[in-house]
Amino acid sequence: MEYDIAIIGGGPAGYTAAERASENGLKTILFEKNAIGGVCLNEGCIPTKTLLYSAKMKDPSFDLAKIIDRKNKTVRKLTLGVKARLTGNGVTIVEGEARIAGEEFGNIRIHCDGKEYLVKNVLVCTGSETVIPPIKGLSEVKYWTSREALDLNDLPKSLAIIGGGVIGMEFASFFNSMGVKVKVIEMLPEILGNMDKETSAMLRSEYKKKGVEFFLNTKVTEVSAEKVFVEKNGKADTIEADKILVSVGRRPITKSLGLENLAIEIQGAGVKVNEHMLTSHPHVYAAGDITGFSLLAHTAYREAEVAIHHILGIPDEMSYKAIPAVVYTNPELASVGKTEEELIANGESFRVQKIPMTYSGRFVAENENGNGLCKLITDDEDRIIGCHLLGNPASEIIVTAGIAVENGYTVDEFKKNIFPHPTVSEILHESLYI
């Protein structure tokens, strides 16, 4: 069995690549060992956002079973939709764990469930997995990762979340909305890692008002069934919780793929690629979390397109200049481009223009007593190089700023764009005049 391209992994990068390849006449085979849609569709982006929307819309009394059932129905519907599009485009789908076995006579050999497939090109997009830190006692308790937290039957009275990154904060938002006493433990001085510190601190303040406890600059040293032992500034302390959720990050899945059989170069934790998503082998590409660079589904979509374009001979290059990052809490936080902290660390000069979200009439109308901030960052040439938003619906309007960042618009050039009124997105236009 010979194919033009074999795609290993059916997540956002994999199914996007399979569609684009087959649409353009490439004989395509897709291998997926778990479920089409990958982590994003089955236990990440979509199910968490479904739960968060339910939490946002819920009545004072709610039915947890119905919330989980709605989440499962949404996932099933979307998963079936993706599979239907793939088969409709003629993609061969193989359910099983694929491994690169080597190459011969110009073809790469793929083994799966006792069968061999010969392909001209390979796109590896096996995604990432949850990092489980080596914390004393963790293996002896029934802790949650994002997977288990999505399929809960009962709510705990209290929850300790180890890790205050995007995943940790989104689950903090959901469980806080469900009435659970949430405690977020973070080693760094602020939540949300490398995102803008000012808006991150504002979001933390919002959730502190809602009852979430934050333990910053705090290291977890040990856990037990009902306690988390921590250390801060050399002093030991304990945090009581009925359940523990571990969300310290994710890492690329590169093992058991047979990458060594083609001498694929690894860089850091992921597969090394160039601007065309090509690895050190001239016919092997990688896209999505496996590269270890930007572990986001929307990045994976674009990387997959770039890889397929290169195979087809269509000029294209991957740009990471304006990758939006969103935290789907309530309020939402969104970011694109450079942060103040990054620019200061690099010794670059910049200017900040910021304005409260309440300058938008639509925002005030739809976010009673809501707060928020719109921050634009420009360089010496007055070009927009970063934008950071706190306030709903930040996730829907950050792309507008991203287009400005990607295309290097100056403030004057951006001012010439007409924003519809009344919309929250007008806040971007208003911030240009500060």
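Residues are numbered from 1 along each chain as its sequence is written, and side-chain values use heavy atoms, with hydrogens and water left out. In this predicted model, local features need pLDDT of at least 70 and side-chain atom pairs count only at pLDDT 80 or more, while totals for chains, interfaces and linings use all residues.

Q: Which helix gives the most to the lining of the second largest pocket?
A: A pocket is an open set of points on a 1 Å grid over the protein atoms alone, where a 1.4 Å probe fits, with protein on both sides within 12 Å along at least five of seven lines; lining residues have an atom within 4 Å of a point. Here 21 residues line the second largest pocket, and Leu 52 and Lys 56 are among those nearest its centre. Helices (H or I, at least four residues) and strands (E, at least two) are DSSP runs, numbered from the N terminus. With five residues, the top contributor is helix 3.

Q: How many residues of the lining of the second largest pocket are charged?
A: Asp, Glu, Lys and Arg count as charged; Ala, Val, Leu, Ile, Met, Phe, Trp, Tyr, Cys and Pro as nonpolar; the others, Gly among them, as polar. The lining has six nonpolar and eight polar residues. The charged ones number seven.

Q: At what angle do the axes of helix 3 and helix 6 cross?
A: Axes are lines fitted to C-alpha atoms, for helices over the stretch in contact (heavy atoms within 4.5 Å). Angles run from 0 to 180 degrees between N-to-C directions. The two axes come within 9 Å. They cross at roughly 35°.

Q: Which residue in the turn between strand 4 and strand 5 has a positive phi?
A: Strand 4 (residues 99–104) and strand 5 (residues 107–112) pair in the antiparallel sense over five bridges; pairing needs at least two bridges found by DSSP. They form a hairpin with two residues between them.

Q: What is omega for the cis peptide bond that joins Asn 330 and Pro 331?
A: Pro 331 sits in the loop between strand 19 (325–327) and strand 20 (333–337). Asn 330 also lies among the residues nearest the centre of the second largest pocket. Omega is about 15°.

Q: Which residue is joined to Pro 422 by a cis peptide bond?
A: Pro 422 is in the loop between helix 12 (411–415) and helix 13 (426–431). Omega for this bond is about 0°. The partner is His 421.
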